[in-house]
Amino acid sequence: MMFSSATVQAIETRGLARAFDGVLAVDHIDLQVPQGCFFGFLGPNGAGKSTTIKMLTGLLRITEGQASILGHDVETDPLAAKRLIGVVPEDLALFDGLTAPEYLAFVGRMHGLERKVIAARSTELLELMDLVPAGKKLVADFSHGMKKKLALAAALIHGPQVLFLDEPFEGIDAVASRHIRGLLGHLTAKGVTIFLTSHILEIVEKLCTDVAVINHGRLVAQGPLAELGGDGPTDNLEDIFLNLVDAGDKAPRTLSWLQ
Ligand SMILES: Nc1ncnc2c1ncn2[C@@H]1O[C@H](COP(=O)(O)OP(=O)(O)OP(=O)(O)O)[C@@H](O)[C@H]1O
Ligand SMILES: [Mg+2]
């Protein structure tokens, strides 16, 4: 089913909700992410960010509402939606028994790419992610950051139109982070839409054009980054974020047995 809006959004949700044991983790959210947008999805721990990404990418069932990728409903037209997306999920879900080139070859084949194309892209991706020296190592023996970089490489191999990145910079070193930020900027310049969650607000400020903030499963703000604070007293993203999630003026916490 195609949504009928005049301009097709890269990502659109209507009343999207997910309950776990009767409790709403994502509470009827309406998101509009325009094509080519670098979208930051912010919220405190447990706010519902990963749950939203999992519903948008077919990793988790939707309880209520709808979601579409470039006009393709993720529930009624899942294959069309999945062909257009790349995803680095929270828990990566790699195969421990493969090497990085083997894993990329596997993912490439899943997407129906020819072996020659896979080999060429895989070489470029491994170079970009600095994973060439780990060519013969099994994923089981990778460091956390190496796994993350391989997951990102795998998410890119088929040339997705919409890229979902759940905490892509968590555990990534400064050199790789700079390379990856450069690459992501290049992708959005080419029209790819990026939907990113990150707790690193400096990175969000540098990269994202638009943001949404979710708190306790509810959207509390959405729009261009520059307009997020409205006419409020600050344009510092950290202050704006803390105010939006109602944590702005809390007294510092302490522990009773520490003085
Ligand atoms: N499989 C699950 N079963 C039960 N509850 C879950 C499950 N997955 C998530 N939840 C709950 O849903 C809520 C939202 O979790 P989610 O992982 O989406 O948060 P998040 O915004 O990604 O947080 P973080 O910043 O810590 O990654 C939390 O209360 C969490 O406990
Ligand atoms: Mg999460």
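Modeller: In this predicted model, strands β8 and β9 (residues 193-197) pair in the parallel sense over five bridges.

Biologist: Which strand do four bridges join to β8, and in what sense does it run?

Modeller: That is β7 (residues 85-88), which runs parallel to β8. Here V162 of β8 is the bridge partner of I85.

Biologist: How many residues of β8 are buried?

Modeller: Five of the five residues in β8 (residues 162-166) are buried, so the strand is largely enclosed by the rest of the structure.

Biologist: How do I read the two sides of a strand?

Modeller: In a regular strand, side chains alternate between the two faces of the sheet. In β8, V162, F164 and D166 lie on one side, with L163 and L165 on the other, and all are buried, which leaves both faces covered.

Biologist: Turning to helices, what span should α4 have, and what does the model give?

Modeller: The estimate uses 1.5 Å a residue. The 14 residues of α4 (residues 115-128) should span 20 Å, and the end C-alpha atoms are 20 Å apart, which agrees.

Biologist: Which residues of α4 are buried, and which are exposed on the face turned away from them?

Modeller: I118, S122, L125 and L126 are buried. Viewed down the helix axis, the buried residues of α4 fall within an arc of 95°, so they line one face. The face turned away from that buried side carries the exposed residues K116, A120, E124 and E127.

Biologist: What do the buried residues of α4 pack against?

Modeller: They pack against α3 (100-110) and α5 (144-156). After α4 comes D130, with a positive phi near 60°.

Biologist: How many residues of α5 are buried?

Modeller: Ten of the 13 are buried, and α5 is mostly covered. Among them are M146, K148, K149 and L150. The buried residues of α5 pack against β7, α3, α4, β8 and α6 (174-189). As for length, 13 residues at 1.5 Å a residue should span 18 Å, and the end C-alpha atoms of α5 are 19 Å apart, which agrees.

Biologist: Which residues surround ligand 1?

Modeller: The shell consists of F20, A25, G43, N45, G46, A47, G48, K49, S50 and T51. Helix α1 (residues 49-56) supplies its largest share, three residues.

Notes
Residues numbered from 1 in each chain as written. Chains lettered and ligands numbered in written order. Predicted model: local features only at pLDDT ≥ 70, side-chain atom pairs only at ≥ 80, totals over all residues. Helix = DSSP H or I, 4+ residues; strand = E, 2+ residues; numbered from the N terminus. Expected span 1.5 Å × (residues − 1). Buried ≥ 20, exposed ≤ 12 C-beta atoms within 10 Å, placed from the backbone. Arc of directions from axis to C-beta. Contact = placed C-beta atoms within 7 Å. Near = placed C-beta within 6 Å. Pairing = 2+ DSSP bridges.
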